[in-house]
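Trainee: I would like to take a close look at a single part of this structure. Please guide me through it and its surroundings.

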Amino acid sequence: MRISTQTISSLKGERPIVAVTAYDAVMARYADEAGVDLILVGDSVGTTQLGFETTIPVTLEMMLHHTAAVARTKPQALVVADIPFAVAHGEFKDLLEACRRLMQIAGAEAVKIEGGASMAPKIERLTNAGIPVLAHIGLLPQQFHQLGGYRKFGRSEAEKLILVADALALEKAGCFAVLCEMVDGPVASTIAQELALPLIGIGSGSHCDGQILVTNDLLGMTAGYVPSFVKQYADLGNQIRGAFEAYAEDVRKGNFPS
């Protein structure tokens, strides 16, 4: 049975939502066979697959390419595509067109947009137009340069109040769920209690209504820094490297082909 945005919303209070990222058909198929609820084609493709230092260089054309690859597997999981850097902050007609292309051409079933209450008016116009939106608050990777790096959010009373207000404004705008990244655990718990919608956490503690991880991180395929909140469920990076080394040795010694 296909999982819809309505299904995701209805899981609040029923069971935790399981979400992962995927950027190609192979990984999407494995994730879907494992029974995840939501596959996010994130702009994290820039740092995990394309060699960029941040998500900022990722373009709409790149997102269309990777979203289409995931959607072609026809997963049971809900496919959500990221709106890339600056698109949501320009003219509404450009944002609407980006959503149209991601859904109509690439096959996404919803879009994810970074930003809090300031984005709520545009998000409300999208949801009124029939475009499901997953909101994203807390750490916003597309604002990396403005933030000066990655950190936890909500540790001050002022930030806590802003985050709660953001979440409630996005719920009112019609989002089907809210993703909160790197939010202090007790604050995330408060937001989850305030919202009628699910709060999906990443690095925001155990009291959210679901969790999402970057696939490369959970599989042990990340070169360099891995966030401290990540639990690695495999060590595929070293296994892949070892396989390449064994293949190279066999070729050089004349053991392959046998």
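In strand 5, which residue is the bridge partner of Glu114?

Mentor: The model before us is predicted. In strand 5, Glu114 has His136 as its bridge partner. This bridge belongs to the pairing of strand 4, which covers residues 110-114, with strand 5, which covers residues 133-138. The two strands pair in the parallel sense, and four bridges join them.

This pair is a part of a closed barrel of eight strands, whose order is 1-2-3-4-5-6-7-8 with parallel pairing. From one strand to the next, the twist averages 25°.

Helix 4, made of residues 60-71, lies across strand 2 (38-41) and strand 3 (78-82). Its direction is at about 155° to that of strand 2.

The cysteines deserve a separate word. The structure holds zero disulfides, and a disulfide would require two cysteine sulfur atoms within 2.5 Å. For Cys99, the closest cysteine sulfur is that of Cys175, and because 11 Å lies between the two sulfurs, they are too far apart for a bond. Cys99 is buried, as its relative accessible area is 0%. For Cys208, the closest cysteine sulfur is in Cys180, at 4.1 Å, and this is also too far for a bond. Cys208 counts as buried because its relative accessibility is 12%, and the limit for that term is under 20%.

Definitions and conventions: Residues numbered from 1 in each chain as written. Predicted model: local features only at pLDDT ≥ 70, side-chain atom pairs only at ≥ 80, totals over all residues. Heavy atoms only, no water. Pairing = 2+ DSSP bridges. Axes fitted to C-alpha atoms, helices over the stretch in contact; angles between N-to-C directions. Contact = heavy atoms within 4.5 Å. Buried < 20%, exposed > 50% of the residue type's maximum accessible area, 1.4 Å probe, protein only.
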